[in-house]
Amino acid sequence: MPTSFTNQATLSYNNLVTNSNVVTGTLQDVLSVSKSAISGDYRQGDTVTYAVSVINSGSTAFSNLTLTDNLGAYASGTTAGTVTPLTFIPGSVVLYVNGTRQATAPAASGSPLTITGINVPAGGNILLLYSANANQFAPQGSTGNIVNTVTLSGTGISTPITATATTDANATARLSVIKSLNPTTVVENQPLTYTFTIQNTGATATTTADNLILTDVFDPALNITSVTLNGVALTQGTDYNYNAMTGTFSTVANRITVPAATYTQNATTGAWTITPGTAILQVTGTL
């Protein structure tokens with residue numbers, strides 16, 4: 001960005017001093033830097049790809065510049081102090097010069113990430129793409145985000161140029177289901193129970209708009225004696241449907257709701273732990 005500077009002269013004569021007026025000038029940067037996250041948002045463990053654009057509006061090329069990336073480092077307020085939520089993926093750097101992909105990318109390493117040997121042609125531009133994983137220090141929950149800053153410096157740049165990209169944690173519901181059977185070995189006419197544990201690692205509880213339905217086909221078909229959700233008895237036709245001939249079981253749409261996950265940052269290490277929200281459906285019957 002443009003920076004202003006001022007200058008004033010001093011004239012000395014016969015033991016007298018007089019000052020000139022102050023002149024103000026503007027130093028116009030010919031390089032501009034911008035940064036964005038292509039992936040848009042993240043969950044813990046996701047790969048986030050960043051794009052850094054450098055435009056040279058001047059008539060002189062810049063050579064051997066250095067780009068540093070703080071990988072979102074932030075003061076966590078924990079014993080660990082500053083933690084870094086992104087882990088750079090070695091070998092992920094891709095370089096375009098004036099829209100043409102280059103066969104060789106500049107060297108990149110470290111945390112903070114340092115990319116060296118960057119050349120920007122006169123009146124041209126470069127685009128750097130690289131990826132990092134959102135690790136255990138990546139802030140979670142509906143308000144979580146990673147504020148990621150790059151700094152470009154080197155010969156010909158009077159003041160290092162920075163650019164920032166803010167990437168939000170993905171707060172939508174994210175469900176998984178685990179099915180278990182107890183006992184796993186059963187004799188005829190003895191009860192058995194199928195347990196479905198539905199987990200939500202997202203920061204948003206499910207709603208009616210999610211149209212949540214659990215379906216299973218019991219083979220062999222089950223003579224159902226009870227169905228419970230989180231320990232509360234469900235009623236056939238109202239809460240679920242079951243065809244005893246085919247063994248097809250399904251809950252009524254949105255009868256099951258799953259609470260949001262909770263997120264805790266360790267006060268010592270600064271790492272985030274995800275505790276999924278859960279709903280437990282149990283179907284008991286005989287064969």
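This is a predicted model: local features need pLDDT of at least 70, side-chain atom pairs count only at pLDDT 80 or more; totals for chains, interfaces and linings use all residues.
Q: How many salt bridges does the structure hold?
A: The structure holds 3 salt bridges, a salt bridge being a side-chain nitrogen of Lys or Arg within 4 Å of a carboxyl oxygen of Asp or Glu.

Q: What does Asp69 pair with?
A: Asp69 forms a salt bridge with Lys35, with 2.6 Å between the closest N and O atoms. This pair links distant parts of the chain, 34 residues apart: Asp69 lies in strand S8 (residues 62-69) and Lys35 in strand S5 (residues 31-37). Strands (E, at least two residues) are DSSP runs, numbered from the N terminus.

Q: Are Asp69 and Lys35 buried or exposed?
A: Both Asp69 and Lys35 are buried. Buried means under 20% relative accessible area, exposed over 50%, and partly exposed in between (1.4 Å probe, protein chains only).

Q: Which ring does the charged end of Lys35 sit over?
A: The charged end of Lys35 sits over the ring of Tyr50, 4.2 Å from its centre. The criterion is NZ of Lys or CZ of Arg within 6 Å of the ring centre and within 35 degrees of the ring normal.

Q: And where is the partner of Asp216?
A: Asp216 forms a salt bridge with Lys179, at 2.5 Å between the closest N and O atoms. Lys179 is in strand S19 (residues 175-182), and Asp216 in strand S21 (residues 215-217). Asp216 counts as buried because its relative accessibility is 14%, whereas Lys179, at 44%, is partly exposed.

Q: Switching to aromatics, why is the pair of Phe88 and Tyr130 edge-to-face?
A: The ring centres of Phe88 and Tyr130 are 6.5 Å apart and the planes are at 65°, so the pair is edge-to-face. Rings of Phe, Tyr and Trp (its six-membered ring) pair if their centres lie within 6.5 Å; planes under 30 degrees apart count as stacked, over 60 as edge-to-face and the rest as tilted.

Q: Which residues do ring pairs link into a cluster?
A: Tyr194, Phe218, Tyr240, Tyr242 and Phe249 are linked into a cluster by ring pairs.

Conventions. Residues are numbered from 1 along each chain as its sequence is written. Side-chain values use heavy atoms; hydrogens and water are left out. Helices (H or I, at least four residues) and strands (E, at least two) are DSSP runs, numbered from the N terminus.
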